[in-house]
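Subject: Structure handover

Hello,

Here is the structure I promised to pass on.

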2 protein chains.
Amino acid sequence: MLGTRERILTSTGELFRRQGYNGTALKQVTALADAPFGSLYHHFPGGKEELAEAVIKSSGQAYQTLFELIEDAAVDPGSAVTDFFDGAAAVLEQTGYVDACPIGTVALEVASTNDRLRQATAEVFASWVDTAARRLASHGVAPARSIELATLLVAAVEGGFMLSRAARSPEPMRASGRLLRELVESELATVRTVTTTT
Amino acid sequence: MLGTRERILTSTGELFRRQGYNGTALKQVTALADAPFGSLYHHFPGGKEELAEAVIKSSGQAYQTLFELIEDAAVDPGSAVTDFFDGAAAVLEQTGYVDACPIGTVALEVASTNDRLRQATAEVFASWVDTAARRLASHGVAPARSIELATLLVAAVEGGFMLSRAARSPEPMRASGRLLRELVESELATVRTVTTTT
DNA sequence: AGCGCTCTAGAGCGATCGCTCCAGAGGGTG
DNA sequence: CACCCTCTGGAGCGATCGCTCTAGAGCGCT
């Protein structure tokens, strides 16, 4: 069994994915983590806010690693896009549309009510966009253009989670992935043409 | 002054946009609406859940009307896309990134915790997708393809709200709009070519 | 053994939650 | 005028919230 701190962290992330920040009670966290209440405040003296910040940062990092693993395994950037969107859709289906992004729900909840947590979510999104943009740029896409594309990819993933969970259907997520793959591939085709002709 | 029921409805929508479902207390609603607590339960005997369902449906309808007005005013579907995304970005900037989609935050919060409200949000999303898809189809895009494009548009709007609010910047919303305009226009160009050559 | 630090354990606090309940204002109808 | 029904007005209920507090278990060090 993992350490108490790690169990609290992962349990909180799990509950945030299902019911968000305000919908998750700390008693629920300790029950799921099988940890005493005192331990929670020992490891996170700042209470719910500090715990949430730690969860945002650590699960943001975990998702970024997932991005990178999928992209490394894919044969080209276009199929990396569909791999990722289809993978997210599959996880949604398998978990009864429960297991989604642990950042998204919290990000909307705290955007106008808690500046510390808002900033934490902003940093995670920025780091995701940055990661995806670097990959695109390494395939020859212009830097500014890469950032735009990466931003749309992240926005569409989050919106896809929202629509797919609401409809209890993997289609919104999958359809978004298909179209964005086309967009990325046509962008790369442009790059190749330009590179070839100059 | 509007009737009490309408004031409660619009006040709830306003609070949902900023702080979501779980983050909004009914006392806060009655204070903002300047309505007595008893009136809330007179007009919405089902309590918070019934009130939320009414807010979801009515503000979903309001946003759909906004979609249609912008598209009617635009010279072509491509500029309708950027008009809408730029308009949303401008509203965010003007309101201090407070005034966003009243459905989005609630949709994620209730997706796995309240089936009645989940279904209400799903119906609103479906109706938005349907509206946008009909417009695209009326310009010659194949029905199935229109639905895919419309789904991505709605997902990107919601994701754009999330990223822009977290970063307190209009750029994610604007960038998404610019790229999606290109996608829509290249789709329409394909349609024109096919129509012309056959 | 004796000491000290980290961490576990959970009772219980004040505040706030959604909600119930009832008294009465207001106005149309006979 | 008397009556009734819609709606206003707000006190206060039980439950639950985030959080504090204290007691002690476990372990390494001297």
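First, the conventions. This is a predicted model, with local features needing pLDDT of at least 70 and side-chain atom pairs counting only at pLDDT 80 or more, while totals for chains, interfaces and linings use all residues. Residues are numbered from 1 along each chain as its sequence is written, chains are lettered from A and ligands numbered from 1 in the order in which they are written, and side-chain values use heavy atoms, leaving out hydrogens and water.

**DNA strand D**

There are 16 residues around DNA strand D, and A:Phe37, A:Tyr41, A:Lys48, B:Thr4 and B:Ser39 come nearest; a residue is near a strand if one of its heavy atoms lies within 4 Å of it. Of the atoms of DNA strand D that come within 4 Å of the protein, 59% belong to sugar and phosphate.

- A polar backbone atom of A:Lys48 is 2.8 Å from a phosphate oxygen of DNA strand D.
- For B:Lys27, a polar side-chain atom lies 3.0 Å from a base oxygen of DNA strand D.

Helices here are DSSP runs (H or I, at least four residues), numbered from the N terminus. α3(B) gives the largest share of the surface near DNA strand D, 5 residues. By type, that surface has 6 nonpolar, 7 polar and 3 charged residues; Ala, Val, Leu, Ile, Met, Phe, Trp, Tyr, Cys and Pro count as nonpolar, Asp, Glu, Lys and Arg as charged, and the others, Gly among them, as polar.

**The pockets**

A pocket is an open set of points on a 1 Å grid over the protein atoms alone, where a 1.4 Å probe fits, with protein on both sides within 12 Å along at least five of seven lines; lining residues have an atom within 4 Å of a point. A volume is the space filled by probe spheres set on the points.

The largest pocket holds about 320 Å³ of space. Its lining has 20 residues, with A:Ala126, A:Val129, A:Asp130, A:Ile147 and A:Thr151 closest to the centre. α7(A) supplies the largest share of that lining, 8 residues.

The second largest pocket has a volume of about 210 Å³. Among its 15 lining residues, A:Ala167, A:Glu171, A:Pro172, B:Val129 and B:Thr151 lie nearest the centre.

Best wishes

Definitions and conventions
A polar contact is a pair of N or O atoms within 3.5 Å; within protein, one must be able to donate a hydrogen and the other to accept it, and residues adjacent in sequence count only if both atoms are side-chain atoms. Helices (H or I, at least four residues) and strands (E, at least two) are DSSP runs, numbered from the N terminus.
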